[in-house]
Amino acid sequence: MDANQISDSAFQIVSFAGDARSRAMEAVSVAKDGNIDMAKSLIDEARELLVEAHHHQTDLISAEANGEDIQFSVLLIHGQDHLMTALTVVDLAEELVDVHARYGK
């Protein structure tokens with residue numbers, strides 16, 4: 001995996017993870033307005049986006065495990081940070097949607 005491929009994977013991780021986080025936050029917002037079905041749909045979308053980000057992460061991990069030299073960069077670290085944050089946000093958003101479904105308006 002060359003430097004351009006690594007950068008591309010890092011950008012993809014940032015993009016998919018950022019979109020997942022945005023969908024999760026939107027889910028919380030619509031759940032507060034009582035639209036639980038839409039909120040659950042947004043959580044599902046967020047999870048699908050996380051899977052895409054995870055595929056890029058797995059490609060990098062697999063390449064390194066196969067002996068390829070994966071050069072670390074601020075961009076790659078930023079991507080990993082985005083992914084880990086998005087995972088947490090989606091999990092918490094799903095819980096908040098459930099709380100709104102159970103106790104909301």
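Predicted model: local features only at pLDDT ≥ 70, side-chain atom pairs only at ≥ 80, totals over all residues.
Trainee: Okay, so which helices do the buried residues of helix 3 pack against?
Mentor: They pack against helix 1 and helix 2, and the buried residues in question are L76, G79, L83, A86, V89, V90, A93 and V97.

Trainee: And how far does helix 3 reach from its first C-alpha to its last?
Mentor: Helix 3, which covers residues 74–103 and has 30 residues, reaches 43 Å, and that is close to the 44 Å expected at 1.5 Å a residue.

Trainee: Switching to the other pair, at what angle do the axes of helix 1 and helix 2 cross?
Mentor: The axes of helix 1 (residues 3–32) and helix 2 (residues 36–65) cross at roughly 165° and come within 8 Å; angles over 145 degrees count as roughly antiparallel, and the two helices are therefore roughly antiparallel to each other.

Trainee: Is that crossing left-handed or right-handed?
Mentor: The crossing of helix 1 and helix 2 is left-handed, and their contact has, by class, 19 nonpolar, four polar and five charged residues.

Trainee: What about Q57, where does that one lie, and is it buried or exposed?
Mentor: Q57 lies in helix 2, and with a relative accessible area of 11% it is buried, because buried means under 20%.

Trainee: Which residues is Q57 in contact with, leaving aside its neighbours within four places in sequence?
Mentor: With those neighbours set aside, Q57 is in contact with I13, Q80 and L83, and L83 is also one of the buried residues of helix 3.

Notes:
Residues numbered from 1 in each chain as written. Heavy atoms only, no water. Axes fitted to C-alpha atoms, helices over the stretch in contact; angles between N-to-C directions. Helix = DSSP H or I, 4+ residues; strand = E, 2+ residues; numbered from the N terminus. Parallel < 35°, antiparallel > 145°, perpendicular 65-115°, else oblique. Left-handed = near helix turned anticlockwise from the far one by under 90°. Nonpolar A, V, L, I, M, F, W, Y, C, P; charged D, E, K, R; others polar. Expected span 1.5 Å × (residues − 1). Buried < 20%, exposed > 50% of the residue type's maximum accessible area, 1.4 Å probe, protein only. Contact = heavy atoms within 4.5 Å.
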